[in-house]
Amino acid sequence: MRSLDTVPQSPVIRLVAALRSALTISTALEVRSVAAMAVVILAKTQALCYCGPNTTKYCVIRETVKATCAPMMCTMFCENGFKKDANGCDICECEACPPVMCAMFCENGFQTDSNGCDICVCNTCPPVMCAQFCEHGFQKDDNGCDICVCNPPPPTCAPMMCTMFCENGFKKDANGCDICECEACPPVMCAMFCENGFQTDSNGCDICVCNTCPAVMCTQFCERGFQKDANGCDICVCNPPPPTCAPVMCTMFCEHGFQTDSNGCDICVCNTCPPVMCAMYCENGFRKDANGCNICECLEIHTGTCPAVGDSNGICSEMCKDDNDCTTSEKCCSNGCGHACMPPIHVTKLPISLLFKYS
């Protein structure tokens with residue numbers, strides 16, 4: 001008897017015939033013996049295997065035939081390639097999203113942008129596999145991830161009787177119902193995702209500029225504030241107390257107080273500017289007056305970069321001091337001799353997928 005390693009693809013109904021040929025079976029008795037063999041179907045290898053009485057194993061391998069894709073006749077260009085059918089063949093429909101070229105593994109998949117396309121940011125929560133539909137969405141666990149429990153329906157809000165107009169709409173109570181108080185900030189309409197949230201203006205309202213630093217989540221209070229890392233972001237370490245300074249022995253009077261050294265100790269040099277007494281926080285610092293002294297106005301830094309100064313100088317006049325003096329679409333830039341408001345240059349970074357596509 002000889003072992004059958006491979007036999008050309010054969011229908012199951014021709015199995016006995018294949019075995020007869022392989023095992024040189026001729027009599028009806030031997031055919032019945034073959035039928036009595038144990039049959040083991042190996043679905044993963046697409047093979048039918050048969051164990052004979054002498055423990056010899058015989059297999060008829062069923063090869064998988066791959067679908068042949070017909071030539072696609074499309075007179076359209078798809079930047080992100082074509083969609084594919086169930087057989088993996090291209091169809092005349094464009095892919096809406098570019099392929100994600102991220103050198104990272106995300107256990108819970110990638111986050112998506114406003115177009116529903118994957119971006120190189122990992123989901124912190126696993127997908128919810130619930131056999132139920134929640135009209136008002138799912139409740140969340142302590143980590144902010146959805147769980148298979150439906151949110152209760154929102155409460156019915158009573159009609160609000162207010163004789164006031166609010167430009168930015170009304171504030172809402174804990175039940176999401178309007179109350180007779182105006183929202184101080186307009187809604188932020190930004191087509192961008194900021195991992196660390198948006199920056200705020202002098203009124204504490206969000207603006208379309210991303211925070212470079214994440215929020216500090218520390219369970220401690222630091223009287224003198226937090227220390228910063230190499231990127232200028234707060235870390236959960238308190239600033240040390242200032243050193244003990246020796247009394248200043250100066251025979252001079254300073255109207256605005258003395259300047260301080262690197263340790264914060266007074267030195268015999270007068271401050272030219274009065275201290276700023278403002279009940280406000282300015283992320284980019286305060287504006288300065290004509291004397292270079294801080295005033296109670298936050299310094300604005302508009303997006304973009306100033307254009308390069310040309311060979312010929314512009315007007316030798318200070319038309320602006322900083323971005324505050326310009327419209328939101330301009331920056332205060334040097335013209336080679338003075339300063340003037342100019343349209344900035346916005347540098348657009350090409351997506352990684354395009355860099356690979358045209359490289």
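K83 and E93 form a salt bridge in this predicted model, with their closest N and O atoms 3.8 Å apart. The pair links distant parts of the chain, with K83 in strand 4 (residues 82-84) and E93 in strand 5 (residues 90-94), 10 residues apart.

**K83 and E93: accessibility**
- K83 has 33% relative accessibility, so this residue counts as partly exposed.
- E93 also falls in the partly exposed class, because its relative accessibility is 41%.

**Salt bridges of R287**
- R287 forms a salt bridge with E297, where the closest N and O atoms lie 3.1 Å apart.
- R287 sits in strand 18 (residues 286-288) and E297 in strand 19 (residues 294-298), so this pair ties together parts that are 10 residues apart in sequence.
- The side chain of R287 also meets that of D322 in a salt bridge, at 3.1 Å from N to O.
- R287 is buried at 9% relative accessible area, and D322 is buried at 12%, whereas E297 is partly exposed at 39%.
- A network of salt bridges links R287, E297, K321, D322 and D325.

**The surroundings of K331**
- K331 belongs to strand 20 (residues 331-334), and its 9% relative accessibility makes it buried.
- The K331 side chain reaches the backbone oxygen of H302 at 2.9 Å.
- Beyond four places away in sequence, K331 touches residues including I301, H302, T303, D323, C326, C341 and P344.

How values were computed:
Residues are numbered from 1 along each chain as its sequence is written. This is a predicted model: local features need pLDDT of at least 70, side-chain atom pairs count only at pLDDT 80 or more; totals for chains, interfaces and linings use all residues. Side-chain values use heavy atoms; hydrogens and water are left out. Helices (H or I, at least four residues) and strands (E, at least two) are DSSP runs, numbered from the N terminus. Buried means under 20% relative accessible area, exposed over 50%, partly exposed in between (1.4 Å probe, protein chains only). A polar contact is a pair of N or O atoms within 3.5 Å; within protein, one must be able to donate a hydrogen and the other to accept it, and residues adjacent in sequence count only if both atoms are side-chain atoms. Contact means heavy atoms within 4.5 Å. A salt bridge is a side-chain nitrogen of Lys or Arg within 4 Å of a carboxyl oxygen of Asp or Glu.
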